[in-house]
Amino acid sequence: MDDVREVNATEFKAKCLDLLDQVNTGTIARLEVTKRGKVVAVVTKPPATEAGDLHGFLRGSVIVPPDLDLTAPTGGDAPMVPSSS
């Protein structure tokens, strides 16, 4: 059942957890909370996220030129650190 439901703030306060569960399962697509007849809040399910959204989200954002050797040395030798003997 994909529907919109309107509840007043008092009913929302009394049934908050149940109403949120219904939004989460999709029984209620949009929940409008009213106060004195005016909508003061709208509750909807967040957009679905794909697995991997957090990890690898920059994948494809860097372009490495094909002639660049990423394994080649980048400059002179690293400075020698004196040993403490």
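# Questions on a predicted β-α-β-β chain

User: How many helices and strands are there in the protein chain, and which pattern do they follow along the sequence?

Analyst: In this predicted model, the protein chain holds 1 helix and 3 strands. Read along the sequence, the pattern is β-α-β-β.

User: What confidence does the protein chain average, as pLDDT, and which element has the highest mean?

Analyst: The average pLDDT of the protein chain is 85, and 81% of the residues score at least 70. Among the elements, β1 has the lowest mean, 93, whereas the highest, 96, belongs to β3.

User: Which strands stand at the edges of the sheet?

Analyst: The sheet is open, with 3 strands in the order β1-β2-β3 and mixed pairing. Two of these strands have a single partner strand each, so one side of each is left without a neighbour in the sheet. Neighbouring strands are turned by 25° against each other on average, direction ignored. The edge strands are β1 (3–8) and β3 (38–44).

User: In which sense do β2 and β3 pair, and what is the bridge partner of K35 in β3?

Analyst: Strands of a sheet pair through backbone hydrogen bonds, either parallel or antiparallel. Strand β2, residues 28–35, pairs with β3 over 6 bridges, and the sense is antiparallel. For K35, the bridge partner in β3 is K38.

User: Where does helix α1 pack, and what angle does its direction make with that of β1?

Analyst: Helix α1 covers residues 9–25 and packs on the sheet. There α1 touches β1, β2 and β3. Its direction makes an angle with that of β1 of about 155°.

User: Which element gives the most to the largest nonpolar core?

Analyst: The largest nonpolar core has 7 residues: V7, L19, V23, I28, L31, V33 and V43. At least two residues of this core come from each of α1 and β2. With 3 residues, the element that gives the most is β2.

User: Which residues is L19 in contact with, leaving aside its neighbours within four places in sequence?

Analyst: L19 belongs to the largest nonpolar core. Once neighbours within four places in sequence are left aside, its contacts are R5, V7, E11, F12, I28 and L31.

User: What share of the residues in the protein chain is buried, and what share of the accessible surface belongs to carbon and sulfur atoms?

Analyst: Buried here means under 20% relative accessible area; of the 85 residues, 12% are buried. The accessible surface comes to about 7,700 Å², and the share belonging to carbon and sulfur atoms is 58%.

Notes:
Residues numbered from 1 in each chain as written. Predicted model: local features only at pLDDT ≥ 70, side-chain atom pairs only at ≥ 80, totals over all residues. Heavy atoms only, no water. Helix = DSSP H or I, 4+ residues; strand = E, 2+ residues; numbered from the N terminus. Buried < 20%, exposed > 50% of the residue type's maximum accessible area, 1.4 Å probe, protein only. Areas by Shrake-Rupley, 256 points an atom, 1.4 Å probe, with all protein chains shown as cover. Pairing = 2+ DSSP bridges. Axes fitted to C-alpha atoms, helices over the stretch in contact; angles between N-to-C directions. Contact = heavy atoms within 4.5 Å. pLDDT = per-residue confidence, 0-100. Core = buried A, V, L, I, M, F, W, Y, C linked by side-chain atoms within 4.5 Å.
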